[in-house]
Amino acid sequence: KITNMLTGEKNRAQNCLTVSNLKLDDVFSDVFGKSARSITTYILDHPGEPFDVAPFVNGRCKTPIEEIQDAVDGAISPEQAVKLRQCLAHIDELENHKREIEQEILLLVQPFSAILDLLRTIPGLNSNPMTAIAILSEIGPDMSVFPSSKNLVSWAGCCPRNDQSGGKVKSTRISRAGCYLKPLLVQVANALLKSKKHPEFKEKYHRIKTRRGHKKAIIAVCKMLLTAIWNILNKLEPYTPEGFLEHRPVNESKVLTKAQALELLRKRGYTITDESPVIV
């Protein structure tokens, strides 16, 4: 909840900068980082005064100084300045509260440090320790309550519903279960798709997306994550991708002879010749 409040307050502060023609979000990846925050503070303390942004920009910033100088070519009104000061003060207060609560959470999870270390071997859970803590707080460390990984997936609401009557499928929509766990897994799954280090998740995603769409493919990746979590907590072994990268046998119904393949191409409108095409 504090993270949600922090995001909302940052959006209100960003709105103050935008309506004042201060386009810091165009030149900084984090508008509330050290460089951008120092520029914002100077603008609030010296309203209407032109200044050089070079002393405020960190040396590691990749954006040229000229672009940053153009981004602060605006003027903040007294009313917006009051609102922005209040937003920044509230952001600092919320960040302090968040740090204090995180410290308390880290003290509470010390008895589960060994289990959390195993969970952090899963891709996507190793960057932020709070992610593994949040998952463990939802499912618990004892996997004996779930006879198999499928039971955990069903409990978390990441499997399709079997709603049939008279041989007619009415719905396969996933259930509303796992209202706290499921959004967290979806965030982790979306982050994994951008990584090149873990092809097992990308292969699963793209294979299902071509047939069923993005949402069903993401839930399938969440199911993979839950299966890995169940196996790790049940066997107390670190994550390994071998189970997800096993060889998939060829579907015999899709094996064609050369004659059948040529006939299939002809039916689809291709003209087959023995000569290579001439590219002009």
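Lysine 182 is in contact (heavy atoms within 4.5 Å) with Ala156, Gly157, Cys158, Ile174, Ser175, Arg176 and Ala177, when residues up to four places away in sequence are not counted. The structure is a predicted model, in which local features need pLDDT of at least 70 and side-chain atom pairs count only at pLDDT 80 or more, whereas totals for chains, interfaces and linings use all residues. Residues are numbered from 1 along each chain as its sequence is written, and side-chain values use heavy atoms, with hydrogens and water left out.

Lysine 182 belongs to helix H9 (residues 181-192), helices being DSSP runs of H or I with at least four residues, numbered from the N terminus. With a relative accessible area of 12%, lysine 182 is buried, a term that denotes under 20% relative accessible area, as against over 50% for exposed and in between for partly exposed (1.4 Å probe, protein chains only). The side chain of lysine 182 reaches the backbone oxygen of alanine 177 at 3.0 Å.

Helix H9 also packs against helix H7 (residues 129-139), in that Thr131, Ala134, Ile135, Glu138 and Ile139 of H7 meet Leu181, Leu184, Leu185 and Val188 of H9. The residues of this contact comprise seven nonpolar, one polar and one charged, where Ala, Val, Leu, Ile, Met, Phe, Trp, Tyr, Cys and Pro count as nonpolar, Asp, Glu, Lys and Arg as charged, and the others, Gly among them, as polar.

Elsewhere, proline 199 is found in helix H10 (residues 199-212) and is partly exposed, with a relative accessible area of 36%. The C-alpha atoms of proline 199 and proline 241, which are 42 residues apart along the chain, are separated by 9.2 Å.

How values were computed
Helix = DSSP H or I, 4+ residues; strand = E, 2+ residues; numbered from the N terminus. Polar contact = N/O pair within 3.5 Å; in protein donor to acceptor, adjacent residues only side chain to side chain.
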